[in-house]
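Hi everyone, thanks for coming. Today I'd like to walk you through some ring geometry, so let's bring the structure up.

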Amino acid sequence: MSAAADGNGLDSPGAKLLRERGLEASAFTRSMGTRLRSFAPGRVEIELDLRPDLTQHHGQAHGAGLGYLADTVSAWAAASVAGDVVTAEYKLNFLTAARGELLWARGEVLRAGRRQVIVRADVYAQQGGQDIHVATSLATVSPVGAVSSVDEKVTDAAQ
């Protein structure tokens, strides 16, 4: 069975729907240069190039950019199991300065309920081919709308 057939991978229906709804439909997300890096239901990775306009006066990634990555990857991981979502809250811990060429984040659903999805996100800076863990967060994400899963949305969209 291929990765796309079992719901995993960048070519899976869930990943395609996530790109369509989370990336292509959001001007802000496009302007950040966000790319989907990895997809499996409940576990998503995204990345973006660390451009000079995303740094602060010390030359490291601005905290708002790290917060954006943590929030976005949390919402996308939650959406991969719960359909349309909005972030209710998140707490972000900065661990060290984020310097390098690339920023990436992994969101992993810890628990998905009908009213809330709890997601952990870890943010990394890639410098010289090495990943440095720069921030971590815990988010509460709320499902919205009548459809409760990406699988149902993919099925609905195909009909």
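How many aromatic pairs does a search of the whole structure find? The answer is 2. Please keep in mind that this is a predicted model. A pair of aromatic rings is described by the distance of the centres and the angle of the planes, and I'll give you both values each time.

Let's start with Phe28 and Tyr68. Their ring centres are 5.5 Å apart and the planes meet at 75 degrees, which is over 60, so this pair is edge-to-face. Phe28 belongs to helix 2 (residues 27-32) and Tyr68 to helix 3 (residues 63-82), so to speak a link between distant parts of the chain, 40 residues apart. Tyr68 has 10% relative accessibility and counts as buried.

Now for the other pair, Trp104 with Tyr124. Here the rings are stacked, with 4.4 Å from centre to centre and 15 degrees between the planes. Trp104 sits in strand 4 (residues 102-112) and Tyr124 in strand 5 (residues 117-127), so the pair ties together parts that are 20 residues apart in sequence. Are these two residues buried or exposed? Trp104 is buried at 4% relative accessibility, and Tyr124 is buried at 14%.

Finally, a word on confidence. The chain has a mean pLDDT of 88, with 87% of its residues at 70 or more. Over residues 153-159, though, the pLDDT is below 50, and this stretch has 9 contacts in the model beyond near neighbours in sequence. Where pLDDT is low, the predicted coordinates should not be read in detail.

Note on methods. Residues numbered from 1 in each chain as written. Predicted model: local features only at pLDDT ≥ 70, side-chain atom pairs only at ≥ 80, totals over all residues. Heavy atoms only, no water. Phe/Tyr/Trp six-rings, centres within 6.5 Å; stacked < 30°, edge-to-face > 60°. Helix = DSSP H or I, 4+ residues; strand = E, 2+ residues; numbered from the N terminus. Buried < 20%, exposed > 50% of the residue type's maximum accessible area, 1.4 Å probe, protein only. pLDDT = per-residue confidence, 0-100. Contact = heavy atoms within 4.5 Å.
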